[in-house]
Amino acid sequence: MKNIIALLIFGGLFCLPAYASGARLSDEDLEKKKEGWYPTGLPLANFSTDAGFGYGLRVFGYNNGFRSDPHFDEAPYFMQLYGQFFQTTGGQAYHKLDLDMPYAWGSEYRFRATLEYAAVLSANYFGLGAADSDAGLTDAAGATYDNWGAYDDFLSSGTGTESFRKYNNYQRRKFYGLLRASRPILDWLDVEVGLEFGYAGITDWSGESFEYGGEDLVAAPTRLSEDRANLTGDEGGWVNYLHLGLKLDERDFEPNP
C-alpha cells in the first residue's frame with residue numbers, strides 16, 4: 001500500500017504545471033542559431049595494448065526547429081540523434097544509438113532513449129575476491145611467478161588443442177537500453193521516470209577456438225572454468241531498473257551555462 005501511495009504522489013508531481021523559466025539566447029547567438037536539421041560527426045581512433053587499434057565513427061543529426069517555435073530561444077536543440085560504430089583489432093566493440101528530445105513534441109517534457117552493445121572478447125578474470133587478485137601471477141597448477149617473462153612461458157605452453165593463452169580471459173557481451181522522461185517543476189528541479197534494462201552474456205574460452213600469432217589454437221581450461229562451481233551468475237543474465245526520481249540542475253542555461 002505504501003508503494004502505491006508513493007507512486008500516486010510521484011505521478012501527481014509529474015502532472016504538475018511547469019514553472020521553469022530558464023535564460024534565453026542572446027540576440028547575437030540567436031541570430032547565429034541554425035534552423036531545421038543538420039548533420040555533423042567525427043572519426044574515432046585509439047590504441048591500447050589490451051584492445052589493439054580502435055576505429056569507428058560517430059554521426060550526429062540535430063533538429064533545431066524554427067524561430068517561430070516555442071522554446072527556440074532557450075532549447076539547446078529539439079532533437080539530437082546520434083549513432084556510433086566502434087571496434088578494435090583486439091575484439092572489443094562499442095556501438096550506440098542515442099536520442100535526446102528537450103521540449104518533446106512542443107511540450108515541457110524531455111524524452112531520452114539509448115540502445116548500446118558492448119563486447120570484450122578477451123576480458124580479464126582475476127579470480128575469486130581480493131585474495132586471488134593479490135596473489136600475483138599464478139598458473140593452472142597454482143605455481144606463482146615473480147616476473148612476466150616467466151609467466152609468459154606458461155601462457156605459451158600447452159598444445160594447439162590445449163593452449164593456455166586464454167587462461168586469464170573470458171568473453172563478455174552486453175546489451176543495454178534506457179527510456180526516460182522528465183519535466184521541470186521549478187527552475188532548478190525536474191521530476192523524472194524511466195526504465196533501464198540490460199543483458200550481459202558471459203562465455204568461457206575453455207574449449208573455444210581462437211587465432212594467436214597466425215596459429216589456430218583451442219583454449220585449455222581457464223581460471224574462470226576452474227572457479228565456476230563457486231560463482232553466481234557466471235553465465236550472465238538480465239538486470240533491470242525502474243527509475244523514479246528528482247533531478248537538481250542549477251545551470252541557468254543549458255547551451256551556455
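# A first look at this predicted chain

Gly36 sits in the loop that runs between α2 (27-32) and β1 (37-48). Helices (H or I, at least four residues) and strands (E, at least two) are DSSP runs, numbered from the N terminus. This is a predicted model, where local features need pLDDT of at least 70 and side-chain atom pairs count only at pLDDT 80 or more, while totals for chains, interfaces and linings use all residues. Residues are numbered from 1 along each chain as its sequence is written, and side-chain values use heavy atoms, with hydrogens and water left out.

**The whole chain**

- The protein chain contains five helices and 14 strands.
- Its radius of gyration is 25 Å, whereas a compact globule of 257 residues would have one near 18 Å. This radius is taken over C-alpha atoms, and the globule rule is 2.2 Å times the number of residues to the power 0.38.
- Along the principal axes, the C-alpha atoms of the protein chain fill a box of roughly 70 × 50 × 30 Å.
- Of the 257 residues, 34% count as buried. Buried means under 20% relative accessible area, exposed means over 50%, and partly exposed lies in between (1.4 Å probe, protein chains only).
- Among contacts between residues at least 6 apart in sequence, 59% join residues at least 24 apart. A contact here means heavy atoms within 4.5 Å.
- The protein chain exposes about 15,500 Å², and carbon and sulfur atoms supply 57% of that area. Accessible areas come from the Shrake-Rupley method with a 1.4 Å probe, and for residues only the protein chains shown count as cover.
- There are 21 positive and 37 negative side chains, and the centres of the two sets lie 6 Å apart. Lys and Arg count as positive and Asp and Glu as negative, while His and the chain ends are not counted. The place of a charge is taken as NZ of Lys, CZ of Arg, CG of Asp or CD of Glu.

**Around Gly36**

- Gly36 counts as buried because its relative accessibility is 10%.
- Not counting residues up to four places away in sequence, Gly36 touches Tyr62, Asn63, Asn64 and Gly65.
- Gly36 and Leu217 are 181 residues apart in sequence, and their C-alpha atoms are 54 Å apart in space.

- Strand β2 (residues 52-63) runs antiparallel to strand β3 (residues 79-88), and 10 bridges join them. Two strands pair if DSSP finds at least two bridges between them.
- Phe60 has Tyr82 as its bridge partner in β3.
- β3 also pairs with β4 in the antiparallel sense, over six bridges. Here Gln87 has Ala93 in β4 as its bridge partner.
- The hairpin of β3 and β4 has three residues between the strands, and Gly91 in this hairpin takes a positive phi near 90°.

**The loop between β4 and β5**

- Tyr103 lies in the loop between β4 (92-101) and β5. It has a positive phi of about 50° although it is not a glycine.
- With 19% relative accessibility, Tyr103 counts as buried.
- Trp105 lies in the loop between β4 and β5 too, and has a positive phi of about 55° without being a glycine.
- Trp105 is exposed, because its relative accessible area is 71%.

- Leu121 has its place in strand β5 (residues 110-124). It counts as partly exposed because its relative accessibility is 26%.
- Leaving aside neighbours within four places in sequence, Leu121 is in contact with Gly91, Tyr170, Gln171, Arg173 and Trp205.
- Leu121 and Asp227 are 106 residues apart along the chain, with 19 Å between their C-alpha atoms.
- β5 and strand β10 (residues 169-186) run antiparallel and are joined by 13 bridges. Ala118 has Lys174 as its bridge partner in β10.
- β10 pairs in the antiparallel sense with strand β11 (residues 189-204) over 16 bridges, and a hairpin joins β10 to β11 through two residues.
- Phe175 has Tyr199 in β11 as its bridge partner.

**Strands β12 and β13**

- Strand β12 (residues 209-212) and strand β13 (residues 215-218) run antiparallel, joined by four bridges.
- Leu217 in β13 stands opposite Phe210.
- The hairpin of β12 and β13 has two residues between the strands, and Gly213 there takes a positive phi near 60°.
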